[in-house]
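Hi,

Here is the structure I promised to pass on.

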Amino acid sequence: ANMFVKGLSWDTTNDSLAAAFSGSTGARVITDRDSGESKGFGYIDFPDVGSAESAMKAMQGANLDGRSITLDFATPRDNSGGDRGGRGRGGRGFGGGRGFGGGRGRGGRGAMTPQAAANKGAIQDFAGKKMKFDDSD
């Protein structure tokens, strides 16, 4: 089971996060791709839901590296049914500078002017100059 933790200190590392949660099998502090600095949240892996639940009870609101942390069960990435009230937006909104679908896919093929639409699929007239290359120096 995965647990989401937010409110992490900038000093918290993967190791110190894992060490704070007894019974965890691993921990990841999410860092900025460019600067490498912590984004202040992360994930903790547990072997099963039971150990995750008991860790959540023990650590909710606890102090870690001087900051009070908040825990939540992480929604699996492939779970399209947002069944956890309010957390349905799970893993998506994060991811910093990637943009939220904004500048993607627009402008790639150029704007479709009526002229461009007319040429689509048609054989274009050659509009260059013929060049000869003389190799005989």
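Below is what I found in it, starting with the overall layout.

A word on the source: this is a predicted model, so local features need pLDDT of at least 70 and side-chain atom pairs count only at pLDDT 80 or more, while totals for chains, interfaces and linings use all residues. Residues are numbered from 1 along each chain as its sequence is written, and side-chain values use heavy atoms, with hydrogens and water left out.

The chain has 3 helices and 6 strands (DSSP runs numbered from the N terminus: helices are H or I with at least four residues, strands E with at least two). From the N terminus, the order is β-α-β-β-α-β-β-β-α. Of the 137 residues, 26% are buried (buried is under 20% relative accessible area, exposed over 50%, partly exposed in between, with a 1.4 Å probe and protein chains only).

Now the sheet. Four strands form an open sheet in the order β2-β3-β1-β6, with antiparallel pairing (two strands pair if DSSP finds at least two bridges between them). β2 and β6 are at the edges with a single partner strand each, so one side of each has no neighbour in the sheet. On average, neighbouring strands are turned by 25 degrees against each other, direction ignored (axes are lines fitted to C-alpha atoms, for helices over the stretch in contact, and angles run from 0 to 180 degrees between N-to-C directions).

How many salt bridges does the structure hold? There is 1 (a side-chain nitrogen of Lys or Arg within 4 Å of a carboxyl oxygen of Asp or Glu), and the side chains of D45 and R28 make a salt bridge at 3.1 Å, N to O. R28 sits in strand β2 (residues 26-31), so the pair ties together parts that are 17 residues apart in sequence. R28 is partly exposed, at 35% relative accessible area. Leaving out residues up to four places away in sequence, D45 also touches others, including A1, N2 and S24.

Last, T75 is in the loop between β6 (70-73) and α3 (114-119). T75 counts as buried, at 16% relative accessibility. T75 and N2 are 73 residues apart in sequence, with 7.9 Å between their C-alpha atoms.

Cheers

Methods:
Contact = heavy atoms within 4.5 Å.
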